[in-house]
Amino acid sequence: MPKRKLEHTQNNEQVSKKSRLESGHEIISPNSVQSKHHEQSSRLLGLPGEILNMIYKYALTANDAKIRVDIPRDAYKPWLQEETRFPLRHYHPYQTQPEINQLKYVNKRLRAETSALELKFNTLVFQQTARAQLEPDQQLLLFARHCSPAKFAWIETIELQIKALAMPYSRHLQYFLTSAHLDAYARVAKFCRANPQVTVKYVLNSFTWWYNYHLAPESRGFINQGIVLHKALRNVDVGALNPAQAGHLLEVGGASCGRRKRKSWDAPNLRFFPGQDEFLEGMFRDGARGVDFEGVEGGVERWIEVARRWAEEGF
């Protein structure tokens, strides 16, 4: 290229660059963007460990501190990821929330440091919301088999939710004590004894004081169900909560286990819970209106005390 033409081209480029700078519209090259991106990432990873851990916890904790997992019966193979060896999101067609951990997509170092770290900051929930899914206990055991031991050690709390079904009150008293459910409790108790560092909350979703026809008179139905479950699962007599019906309820609870040994589902880190995360005293009081508390020491206040303890601490 002739010297005069080369100088003219260079001058035009300088003028063009100057005009872009003055107008505030500097065009940044891809290499420059990538350089700044890595610089910002390195600053994050260069923070002291205590501060970095606080950031990880904030970024990787779900709004309700729960990661919900639904594993279909015949569609679990695709979610076995080579990277983490277990799933951390909903599965098609039950995908109802976005993946929590977005940090691992920033760069390789953050992927290495944060992959599956959300397990450390959230309760892992296995639920069955449709018949096409595995039962919660089967989901848990499948997950545990495929989870790497190092990452599984991060898990502190697991919640299993039995699918709620509507049925007549008389049948519902024994619904959570069928052979299938008792076998599931035994499998989970065995898992709990092998993993004492994990607390398992077994949530019985239709064991609730909310109004629904299968629990009959609301709060009273809830207390009656509790009497049956305590006798069957813990061999504890709380019949004093409803003396008028205690004989029948304790008989139902005692007979439901058959020849099974209650120690099969005994584990110090396994607790059974009603279907609500929060005890709503006003709703419970409304459901107890019209109940004859004759013979119940403490009356409705005693029921409220017990119901609150079951909801918050399990049994």
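**Helix packing and buried positions**

Q: Which residues of H9 meet which residues of H10?
A: Asn224, Ile227, Val228, Lys231 and Ala232 in H9 meet Leu249, Leu250, Val252, Gly253 and Gly254 in H10, where contact means heavy atoms within 4.5 Å. By class, that contact has 6 nonpolar, 3 polar and 1 charged residues, with Gly counted among the polar ones, Ala, Val, Leu, Ile, Met, Phe, Trp, Tyr, Cys and Pro as nonpolar, and Asp, Glu, Lys and Arg as charged. This is a predicted model, in which local features need pLDDT of at least 70 and side-chain atom pairs count only at pLDDT 80 or more, whereas totals for chains, interfaces and linings use all residues. Residues are numbered from 1 along each chain as its sequence is written, and side-chain values use heavy atoms, with hydrogens and water left out.

Q: And how do the axes of H9 and H10 cross?
A: The axes of H9 (residues 219-234) and H10 (residues 246-256) come within 7 Å and cross at roughly 40°. That makes H9 oblique to H10, given that angles under 35 degrees count as roughly parallel, over 145 as roughly antiparallel, 65 to 115 as roughly perpendicular and the rest as oblique. The crossing of H9 and H10 is right-handed.

Q: Switching to H8, what span should it have?
A: The 16 residues of H8 (residues 179-194) should span 22 Å at 1.5 Å a residue, and the end C-alpha atoms are 23 Å apart, which agrees; the expected span is 1.5 Å times one less than the number of residues.

Q: Which residues of H8 are buried?
A: They are His181, Leu182, Ala184, Tyr185, Val188, Ala189, Phe191 and Cys192, with buried meaning under 20% relative accessible area (1.4 Å probe, protein chains only).

Q: What do the buried residues of H5 pack against?
A: In H5 (residues 136-146), the buried residues are Pro136, Asp137, Gln139, Leu140, Leu142 and Phe143, and they pack against S1 (66-69), S2, S3 (157-162), H8 and S4 (199-204).

Q: What about Leu110?
A: Leu110 lies in H4 (residues 108-114) and counts as buried at 1% relative accessibility. The C-alpha atoms of Leu110 and Leu45 are separated by 8.0 Å, although these residues are 65 residues apart along the chain.

Conventions. Helices (H or I, at least four residues) and strands (E, at least two) are DSSP runs, numbered from the N terminus. Buried means under 20% relative accessible area, exposed over 50%, partly exposed in between (1.4 Å probe, protein chains only). Axes are lines fitted to C-alpha atoms, for helices over the stretch in contact, and angles run from 0 to 180 degrees between N-to-C directions. A crossing is left-handed if the near helix is turned anticlockwise from the far one by less than a right angle, and right-handed if clockwise.
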